[in-house]
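Q: I'd like to take a close look at one part of this model. Could you walk me through it?

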Amino acid sequence: MHGIILGDLKENRREMLNLLGDPVKRGWEYLRAHAGKHVSELDAKPGVTFTDNFTQLLILEATGDRSLVTLTAPTEPSRHWNYFQGKGLLTYEKFPDDLDTTSLGLVTMKPPKELVHSIMDEMLNCLNPDGLPYSYFDPQIPRLDPALSVNVLHLFYTHGRGHELPSALEWVHSVLKNRAYLRMKVGCRGYTTAMAIKAIEDLDSLRAKDSSR
C-alpha cells in the first residue's frame, strides 16, 4: 500500500506521476523535449546554469543518442577533453583539460584505437609517485580523486590495460572499504557518495570481464 497526503496541488501531482506513471517513458520524453539544451546547475549558486562536456558525455553513454547532447570535442593541437565548454565557471577561466572527462570521452566516443592508446600512454605520465592518476594533464595542479581514478581505470580496462594501474585500483578499493568517500578532504571532490560507489561497482564488473579474457 502507498498513500498520498493531499496538500499542495503541484507536489501531489508530482507524487501521483511518480506512483502511477512510467518513469522510463517520462525520462525519455524529457530528454527528447530538451534535446541539445541539457544544462548543469550549481548547488552553491542557485539559478546559475552552464553546459559541460562531462554531463553531456554521461547522457550519451547512457542513451547512445547523439541527438540529445551538445559536445565540444577536442580540436588540434589538443587531443584531450575539457570539462567545460568554453571558459571555466567559478574556477580558472582557462580550465585545464582533465583525465576524467578525457577518459569518459574516449570510452563513449570510441575514436581510433591508435589515438586512444597514445593518449593512455600520455596518462601514464600523469601519475604521482605512488602510481595514482592526477586529475589534470597540467602538472602544476597535482590533484587526486578516487572517483576520477575509477574513470581512468575504466578506460584502461576497456582496452585491456588495467594491469598498468595496480596502485590506482588498490587505492579505489581502499577508499571504498574505509568509507573515505564520506570525508571530503580525502574523499571525492566532484562526485556524490552514491555516484562514487556506483562507479566503483561498475569498475569491478569490467575488471572481472577483463580478467576472464
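Leaving aside its neighbours within four places in sequence, which residues is S135 in contact with?

A: Happy to. A word on the model first: it is predicted, so local features need pLDDT of at least 70 and side-chain atom pairs count only at pLDDT 80 or more, while totals for chains, interfaces and linings use all residues. Residues are numbered from 1 along each chain as its sequence is written, and side-chain values use heavy atoms, with hydrogens and water left out.

Now to your residue. Beyond its neighbours within four places in sequence, S135 is in contact with D98, L99, D100, R143, L144, D145 and L148 (contact means heavy atoms within 4.5 Å). S135 sits in the loop between α5 and α6; helices here are DSSP runs of H or I with at least four residues, numbered from the N terminus. With a relative accessible area of 6%, S135 is buried (buried means under 20% relative accessible area, exposed over 50%, partly exposed in between, with a 1.4 Å probe and protein chains only). The C-alpha atom of S135 is 9.5 Å from that of P96, and the two residues are 39 apart along the chain.

Helix α4 covers residues 99-109, and ten of its eleven residues are buried, so α4 is largely enclosed by the rest of the structure. At the start of α4, a side-chain oxygen of D98 comes within 3.2 Å of the backbone nitrogen of D100. After α4 comes K110, with a positive phi near 55 degrees.

Conventions. Helices (H or I, at least four residues) and strands (E, at least two) are DSSP runs, numbered from the N terminus. A polar contact is a pair of N or O atoms within 3.5 Å; within protein, one must be able to donate a hydrogen and the other to accept it, and residues adjacent in sequence count only if both atoms are side-chain atoms.
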